[in-house]
Amino acid sequence: MKHHAGLGVSLEETAIRIVDDAGGIVRELRAPSEPEALAQALEAADVPLERVGLEACSLAARLHDGLREAGWSAVCIETRTANAAMNTMPNKTDGNDARALAQIMRTGWFRQVHVKSRQARLQRSLLGSRRSLLNEMRSLENVVRAVLREAGLKLGRPARTRFEARVRELAGDDAAVMAIVAPLLAVLRTMRAQPEAPTRRILAITREDATCRRTDGAPASGPDGRRRRGTSRSGSDRRRWRGRRAR
């Protein structure tokens, strides 16, 4: 008889439900949300498992890889498919979620999602952290601009390296304005040096990647997501680019 398991993953603990071909619950377990602990719990259940299903979430990739390495046929399924089954349960609990996932594994009515490699996930996190730093810097700069405009001071568009000097030049004689913008400038001064490290790391990765090297000469976006200087778009290219941005 074939058996299937569903994992209701939460931050600290995971509920495990194992069902047979008829849909009856064979085992009800709980284990810490760590790959080693889950593998040991499934081993201790002493039931041959056809599939082990878990919903795509922030912890899913690590748990999926760990279970695969331990020899279990782990399957990460699409969130919408999982939610459709979970909504049939009377109460929203980790145990009921695990039971619904186990039934999905039994019936085969699921869409498996691709789980990226650890290297790809780390590279995506690197790009996201750099983007977050730049966005926060831009937000603080806009706050400083708004404060200056309220005082009738127009900052213009100075380079980021001259931003603080220009602000102090304009508002140096206004103690009330400086009392507001000085803490923001101090934070910006600290943040300004931070994106340099992830940028250097991104450039190093692109130099080592064969796919990035093949597209390096194309007049498009650079390795860190910014358009290279000296490149231009034709009219049709600009229209296509605007259309993508609008979507």
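A residue is called buried when its relative accessible area is under 20%, exposed when that value is over 50%, and partly exposed in between (1.4 Å probe, protein chains only). The model described here is predicted, so local features need pLDDT of at least 70 and side-chain atom pairs count only at pLDDT 80 or more, while totals for chains, interfaces and linings use all residues. Residues are numbered from 1 along each chain as its sequence is written, and side-chain values use heavy atoms, with hydrogens and water left out.

The protein chain holds ten helices and five strands; helices (H or I, at least four residues) and strands (E, at least two) are DSSP runs, numbered from the N terminus. Of its 247 residues, 36% count as buried. The accessible surface of the chain comes to about 15,500 Å², and 49% of this belongs to carbon and sulfur atoms; such areas come from the Shrake-Rupley method with a 1.4 Å probe, and for residues only the protein chains shown count as cover. A contact means heavy atoms within 4.5 Å. Among contacts between residues at least 6 apart in sequence, 52% join residues at least 24 apart.

H4 is mostly covered, with ten of its 14 residues buried. Among these buried residues are Gly-95, Asn-96, Leu-101, Ile-104 and Met-105. The buried residues of H4 pack against strands E1 (3-9), E2 (13-20), E4 (49-55) and E5 (74-77), and against helix H3 (79-86). Gly-108, whose phi is positive, near 80°, follows H4.

Next come the nonpolar cores, each a set of buried Ala, Val, Leu, Ile, Met, Phe, Trp, Tyr and Cys residues joined through side-chain atoms within 4.5 Å. The largest has 22 residues, and Ile-16, Leu-42, Leu-49, Val-52 and Leu-67 are those with the most contacts inside it. At least two residues of this core come from each of E1, E2, helix H1 (35-45), E4, helix H2 (60-69) and E5, and H1 supplies the largest share, five residues. A second, separate core of 17 residues includes Val-147, Leu-155, Val-167 and Val-181.

Finally, Asp-46 lies in the loop between H1 and E4. Its phi is near 55°, a positive value in a residue other than glycine. Asp-46 counts as exposed because its relative accessibility is 67%.
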